[in-house]
Every structure is written in structure tokens, then in C-alpha cells.
Amino acid sequence: MSQNLSQPAVDVSAVTGEPTLRRAFNSKSISAGVVAALFGCTGPALVVINAAEAGRLSNAQTVSWLFAIYVLGGLISLFLALRYRQPICGAYTIPGAAILAASLTVIPFSDAVGAFIMSGLLVFVLGVTGLIGRLMRWLPMPIVMAMIAGALIRFATGAIDAIVSAPLIAGVAALSFFLVTRFTRAVPPVLVAGVVGLILAFAFGQLQPADVNIAWVMPAFTVPSFSLDAFLAITIPLTALVIGAENAQATGVLMAEGYRPPVNAMTMISGIGGVLAGLLGGHNANIAGPMTAICSSEQAGDDPRLRYGAALVNGMLFALFGLFAGLAVPFILAFPKALIVVVAGLAMIGVLLGALQQAFQKGGACQIGAFVALAVAMSQFSLLGISSPFWALLFGVAVSALLGEIRTASASEGVKAS
């Protein structure tokens, strides 16, 4: 198959230099970057805190974990956005933090830290050898796009649930988004939705700092140790999640928006981030699928060449959150969950539409395999501690191969593997 993108690959060669950097910071890119940061610093932060509590970590170890993944995740965003002029965001694997809540109840934290470091090394090796770049060139594009749609559809369904649970805040925020989209292009709709929602939340007294067991303390260093149990229970699942979920999602959404993502470089950076985060007591700092999707969407700007400004904003806010995690967590978690969910869902509309259109083009190839990938990615299926996006790609390709839908070696022509 050949790559059938709805728009030509973004040429960033014409938009380099300081003047363009100033243009990249506009109302739409800033609002999208703030939305992405709020999404990553609210619910996901609580997932990490819950995992730390399950492992009975001290406040210093919890702060160190948050410091590692948020500061390094922010630095990844800043480096890749400036280096490639693409809206590539760094963060950490949220499902990885979730599975650690169970693992840390039986595995000593020092062994877990060793497992974090080993995961980073594995990811780096996969990137430096070019294996991931070759794999992405081979994967059929309709299956990749279907996986993206299935993995991100939860943002859309979550937005509906948020409106049902909080109609005055989430519902009015959504209504303001569509009204601004319909009547003006001068103001970013997602920014208006967020501001309207915050005003209503304040008016109804729903901005309440969260009561979490975390304090302002200095990060603590944990000496790593290594065990086979931790390697099997933590290293392997984390590596698969970074490659098969986060990096694959980010690569797919960037391709859907017409970019040529540097696949191997993204993998190597995720590996380096994993090693450094492990040394600081945190699990992998890597490329982030959901945040990249928000920052690369049309909500981040009409000109795709300038959307990397959203990733820069996201990176700066992530790094600041990590630096002041002990103080920031209660206040960030004060934002109503329904508002964060509905704004993130609204920001994903363009990405979801593009992915679905490319996955199921009339007369396109691998249609049954793409449908299988969509269904698996939408499900809660997990196996061996690995979540559904990885298995969506695997099952989608297997079904297409079984049915003879895959007839050429590459469906991702033009992906820059550097």
C-alpha cells in the first residue's frame, strides 16, 4: 500500500529562524498547549500518585517520581519541537503508571527503579538500530490510522459522559466551542471553551484544591537494583507500551496531519528519557500520544508549520509542573475533571475525523484489518500487561495478512526515519 494522506507532508524548511519562532506562539497554539498540559497534569498525575501510594513510597520519592517524568517530558517536548519544527510532545506512559500500582505492591521500589532503567535502554536500542523506523514503514497506513482512532475515541466518548455528569459546566463549554467555531475564526474555540468552563466552575464553587498526601520536599534518590521479576513484570510491559502505544500513537497522528515524523529519533529520545527518569526514580519519560494529538490538531493553528508552538507551550508547563510538583499538584487537581475531559475531547475532533477518513477511505486497502484494529483499540483488552493499542496493530495486520489484504511491503512511504 502507499501512504494516502489527505494533505502533503508538512515542509518545515520554509519556516525556520527566530521570526518564525515568534509566529509559532499565537493564540491557537498557546491555548492548545495549555489544554494538553492541563490534560497531562491532572488525571494522569493522580494515577502516578496512586501508584506511589500503592508502593508505600515516601513523599520525597513521590515528588522525585513526578519531577523526573514531568521535567524530562517537558524537555523532550522542547527539544524535539525546536529540532524538527513539529508538534511532538513528551510526557510518560499513563497506562504504564497504572500497571505499576499493582506491581509496586509486590516488587521493591529499588527493583522497580532498575526496571525503569532497563526499559529505557531497550527502547534506545530499538531506536538506534532503526528497527522501529523500518516497522513503521511496513505497517499498512489504514491499520495505523484505525488504531489511532480507536485509541483516541475515548476522548470523544469521555466528553459526552462529562456533559451528562456536569451539563452546566461541560455542556456550556462545549456549546461555546461550537458557537465560536461557527461564527468566528479570530478566537481559538478550545480556549473559549476552557475559559467559559472555568468561569462557571468558579461561580458554582467547584474549584476546590484536592486533598492529596504530598508535600513540598526535595526529591529523593533511590539506588537501583535489578531482578528478573522486575524485568518481566515492569521492564517488558513498559517497553511495549512506550513503543506500541505512545510512540505509535504520536507517529500516527503526526502522519495524519501531514508531518514526516522522525521515528527513530523519537524512539531514541524516549529511550534516553527512560534511562534518565529511572535514575531519578520515575518510570519512562517518552513521546506522548494524547498530548501530541492535541498539539498537532487544527485547534493548534491553521498553519501546520507553526503548530510546534503548542508543543513548546506544553513542554514549558510540564517542566514547571515537575519543578514545583509538591506545591502544584493540589491546585492543578482542583480543576473540575468534567471540564478537562470535555475540552480535551473537543480538541481531538479534527484528529479523529482525519484518522477515520484515512482508515476507511472508499475503495481503500486493508479495510477489514483496519476495522479489527479500530475495535481492539476501542476495547479495554490487555494481555501480558500491555494495553490495547499495541494489540490493535498486531491483530489488524494479522487479519489483513490472513485475508490477503497486504500486497506490498510498505504502507508508510515518506516517513522520515532519522
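Before I start, one cut-off to keep at hand: axis angles under 35 degrees count as roughly parallel. I also remind myself that this is a predicted model.

**Entry 1: H8 and H18**

I looked up helix H8 (residues 141-165) against helix H18 (residues 367-378), and their axes cross at roughly 25° and come within 7 Å. H8 and H18 are therefore roughly parallel to each other. I noted the crossing of H8 with H18 as right-handed.

Next I listed who touches whom. From H8 I have Pro142, Ile143, Ala146, Met147, Ala149, Gly150, Ala151 and Ile153, and they meet Gly369, Ala370, Ala373, Leu374, Ala377 and Met378 in H18. Sorted by class, this contact holds twelve nonpolar residues, two polar ones and no charged ones.

**Entry 2: H2 and H16**

How do the axes of helix H2 and helix H16 cross? I found roughly 135° for H2 (residues 27-41) and H16 (residues 337-347), with the axes coming within 10 Å. H2 and H16 are therefore oblique to each other. I wrote down a left-handed crossing for H2 and H16.

On the H2 side, Val35, Leu38 and Phe39 meet Ile340, Val343 and Ala344 of H16. I counted six nonpolar residues in this contact, with no polar and no charged ones.

**Entry 3: H13**

Last, I checked burial in helix H13 (residues 289-296): eight of its eight residues are buried, so H13 is largely enclosed by the rest of the structure. My list of buried residues for H13 reads Gly289, Pro290, Met291, Thr292, Ala293, Ile294, Cys295 and Ser296.

Key
Residues are numbered from 1 along each chain as its sequence is written. This is a predicted model: local features need pLDDT of at least 70, side-chain atom pairs count only at pLDDT 80 or more; totals for chains, interfaces and linings use all residues. Side-chain values use heavy atoms; hydrogens and water are left out. Axes are lines fitted to C-alpha atoms, for helices over the stretch in contact, and angles run from 0 to 180 degrees between N-to-C directions. Helices (H or I, at least four residues) and strands (E, at least two) are DSSP runs, numbered from the N terminus. Angles under 35 degrees count as roughly parallel, over 145 as roughly antiparallel, 65 to 115 as roughly perpendicular and the rest as oblique. A crossing is left-handed if the near helix is turned anticlockwise from the far one by less than a right angle, and right-handed if clockwise. Contact means heavy atoms within 4.5 Å. Ala, Val, Leu, Ile, Met, Phe, Trp, Tyr, Cys and Pro count as nonpolar, Asp, Glu, Lys and Arg as charged, and the others, Gly among them, as polar. Buried means under 20% relative accessible area, exposed over 50%, partly exposed in between (1.4 Å probe, protein chains only).
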